[in-house]
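Here is a report on one protein model. Look at the sequence and the fold, then read on.

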Amino acid sequence: MSDLDDACRALGLVWVYRDGAGRMQEAPEESRRAVLAALGQGNAEAALPVALQRSTSRAIPAGAPTDWGPGPWVILTEDGGEIRGEGPLPALPMGYHRILHQGWTVHLLAEPPRLPMPPRRWGVTLPLFALWEGAEAGMGTYPQLGALAEGLAGHGAAFLGINPIHAGFPADPGNYSPYAPSHRRRLNTMHVETGLKLPESGALIDYARAIRAQRAALEEAFAEFHGDPDFEAWRGEGGAALEEFVTHQALSEVHGAYWGGWPLAYQDPRSAEVQTFARERWQRLRFHAWAQWQAETQLHDAQIRARSAGMNFGLYLDIAVGTHPHGAETWAERGSFAQGVSLGAPPDLLGPSGQRWGLAPLRPDVLRATGYAAFAQTLRAQLKFCGLLRIDHILGLERSFWLPDGLPGLYVTMPREELLAVLRIEATRAGASVIGEDLGTIPEGLRAALDASGVMGCRVAMFERDWDGTRDFLPPEAYTPTALASWATHDLPTWAGWRQGRDIDWRAQLGEVPDEPAAREARAAEVAAFDALSGGADLAAMHRHLARTASHLVAVQGEDLAGAVEQANLPGTIYEHPNWCRRLPLPLSGLISAPSLDQTGAIMAEAGRT
């Protein structure tokens with residue numbers, strides 16, 4: 001055992017592991033040293049600030065006394081109270097408290113018990129950008145989301161799910177992936193309805209043109225805005241965090257989308273130059289604040305419409321696993337993120353080379369020292385607009401795969417129990433249910449921990465098979481009850497596309513199918529096997545299969561209801577495939593009135609999902 005091994009173990013690094021294809025992997029020494037440096041080991045720039053070096057966190061049960069160490073302590077409660085004592089801690093209400101003890105500050109995460117399991121319901125998922133009505137122009141809007149929710153509720157749907165709608169990069173129209181955001185606590189203003197006409201671009205969104213036109217429409221609408229007490233109150237409540245975000249947005253207009261390329265003086269949000277810029281460009285800051293207010297107001301209205309129409313959950317929102325390393329979130333909170341590394345995934349059967357996502361990971365040591373404030377705030381920012389929340393790649397609550405620049409990756413252990421405590425606190429306060437995307441290389445024990453917290457998993461029918469035995473598709477009764485079942489995801493072929501082998505077509509074009517005839521033969525056998533299990537070869541048979549599963553929630557994909565063949569995203573590609581660009585084949589009104597939706601609602605009702 002070496003000093004390097006000791007340092008790696010002390011910081012929770014796992015450099016020898018089994019990948020998703022079952023092969024043993026070992027990260028080289030260079031990768032281990034790079035990750036240690038990103039965590040502040042021997043790297044003064046990344047070292048934990050002195051103020052946080054004697055600060056940590058601990059999850060405790062809410063409403064019950066807790067054992068504690070010897071010596072006097074002082075508890076600072078979340079509501080501003082102060083309790084002094086010695087010995088065991090008194091019962092504390094659910095929430096976030098602090099205890100000062102023997103020179104340490106310990107953030108107490110007073111966690112509630114397991115989240116309640118939702119009733120057996122169903123809903124629809126689709127990308128918001130894909131919605132349109134009247135003309136194939138711009139991107140789907142928040143008011144359209146509300147209108148669709150009302151229409152779906154009339155067919156018995158309990159939720160309407162969409163991809164992440166975090167703030168993006170209007171200054172770089174080429175970066176439009178919803179899973180590589182600029183800031184996860186702010187909204188994408190490209191979905192704001194201004195009432196102004198936007199140019200048509202056909203079945204594929206032309207982002208350069210659409211973003212330019214939407215920005216012009218926002219500017220025109222803002223020019224007609226003469227103030228509103230609600231806006232002023234909202235901006236005041238946003239405080240310093242909101243002002244930093246709108247300052248970043250204004251700076252992006254001058255210096256470009258990514259702060260890593262800005263003049264050094266503007267890379268620090270607290271520099272004198274940035275403060276001067278904010279004062280001088282106050283009107284641009286006001287514009288960006290107004291646009292964000294419009295987005296929040298319209299999204300809130302969509303949720304109100306959904307719930308008022310009878311949806312149990314209303315909107316089903318999605319939090320991306322990470323954030324862009326040079327976006328607004330990392331600019332404002334640089335110390336919370338590891339530098340020089342990217343989140344990703346190890347090699348597996350679907351990605352033999354592994355994946356490098358280009359996203360900055362949150363540092364576990366900073367999370368623990370700050371009471372998980374960043375994680376809680378990110379959850380809170382979404383939960384105030386929805387009744388159902390998806391956590392993308394929830395495997396990251398157990399361990400994250402970090403890839404140093406130019407080097408192979410390795411795992412970094414995350415404080416799972418404390419992250420789950422925060423998740424339960426926030427979901428309980430919001431009265432929401434949580435779905436964790438637990439797909440990929442699953443760490444041992446994670447699914448049991450999620451289940452113990454009441455966090456539901458994902459069960460994708462395309463992959464629900466007896467992998468350890470016959471490899472047959474699983475019957476409905478074999479599905480996990482504590483899960484959301486669906487046919488596919490945004491990263492997989494649609495129902496029609498799977499049957500036609502469109503994903504094989506695309507992969508073959510990219511040279512990623514070594515034996516195309518064998519792949520097509522295998523797909524034909526899979527299609528026949530699923531048809532035999534579901535009792536039919538049409539969309540209704542597949543939806544009937546989902547409706548009968550033991551899983552409490554079922555998600556039907558809007559693309560399937562609309563008859564789409566192509567999938568939204570082809571993982572591993574950027575411009576080789578039109579990712580995140582496809583509109584639905586039907587307009588919003590056509591989707592609501594589609595016979596497929598009427599039929600699906602009846603199927604779900606017959607299965608007791610009402």
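In which helix is Asp 365 found? Asp 365 sits in helix α9 (residues 364-369). Helices here are DSSP runs of H or I with at least four residues, strands are E runs of at least two, and both are numbered from the N terminus. Asp 365 touches Leu 39 and Leu 48, leaving aside residues up to four places away in sequence. Contact means heavy atoms within 4.5 Å. Asp 365 and Leu 39 are 326 residues apart along the chain, yet their C-alpha atoms are separated by 7.8 Å.

The model is predicted: local features need pLDDT of at least 70, side-chain atom pairs count only at pLDDT 80 or more, and totals for chains, interfaces and linings use all residues. Residues are numbered from 1 along each chain as its sequence is written, and side-chain values use heavy atoms, with hydrogens and water left out.

**The parallel sheet**

Eight strands form an open sheet. Their order is β19-β16-β13-β10-β9-β22-β21-β20, and the pairing is parallel. Two strands pair if DSSP finds at least two bridges between them. β19 (433-436) and β20 (457-460) stand at the edges; each has a single partner strand, so one side of each lacks a neighbour in the sheet. From one strand to the next, the twist averages 25°. Angles run from 0 to 180 degrees between N-to-C directions, and axes are lines fitted to C-alpha atoms, for helices over the stretch in contact.

Helix α19 (residues 595-606) packs on this sheet. Helix α19 touches β9 (121-125) and β22, and its direction makes about 155° with that of β9. Within the sheet, β21 (residues 483-486) and β22 (residues 553-557) pair in the parallel sense over three bridges. Leu 484 stands opposite Leu 553 in β22.

**The antiparallel sheet**

A five-strand open sheet has the order β1-β18-β17-β14-β15, with antiparallel pairing. β1 and β15 (355-356) are at its edges with a single partner strand each, so one side of each is left without a neighbour in the sheet. β17 and β18 form a hairpin with five residues between the strands, where Gly 406 takes a positive phi near 75°. Helix α2 (residues 29-38) lies across β1, β14, β17 and β18, running at about 110° to β17.

**Antiparallel pairs**

| Strands | Bridges | Opposite residues |
|---|---|---|
| β1 and β18 | two | Val 14 and Tyr 411 |
| β5 and β6 | five | Leu 76 and Glu 82 |
| β5 and β7 | four | Trp 73 and His 101 |

β5 and β6 also make a hairpin, with five residues between them. Gly 80 in the turn has a positive phi of about 95°.

Side chains of opposite charge can pair when their charged atoms come close. The structure holds 38 salt bridges. A salt bridge is a side-chain nitrogen of Lys or Arg within 4 Å of a carboxyl oxygen of Asp or Glu. One of them joins Arg 429 to Glu 78, with the closest N and O atoms 2.6 Å apart. This pair links distant parts of the chain, 351 residues apart. Arg 429 lies in helix α11 (residues 416-430), and Glu 78 in the loop between β5 (72-76) and β6 (82-86).

**Cavities**

How many cavities of 30 Å³ or more does a search of the whole structure find? The search finds seven. On a 1 Å grid over the protein atoms alone, a cavity is a set of points where a 1.4 Å probe fits but cannot get out; lining residues have an atom within 4 Å of a point. Grid points are joined across faces, edges and corners, and a volume is the space filled by probe spheres set on the points.

The largest cavity has a volume of about 360 Å³. It is lined by 28 residues, and the closest to its centre are Arg 184, Val 321, Leu 362, Gly 396 and Leu 397. β14 (341-345), α10 (373-383) and β17 (399-404) are the elements that give two or more residues to the lining. Helix α10 gives the largest share, four residues. By class, the lining has 19 nonpolar, six polar and three charged residues. Ala, Val, Leu, Ile, Met, Phe, Trp, Tyr, Cys and Pro count as nonpolar, Asp, Glu, Lys and Arg as charged, and the others, Gly among them, as polar.

Conventions: 1 Å grid on protein atoms, 1.4 Å probe; cavity = no way out; pocket = protein on both sides within 12 Å on 5 of 7 lines; lining within 4 Å.
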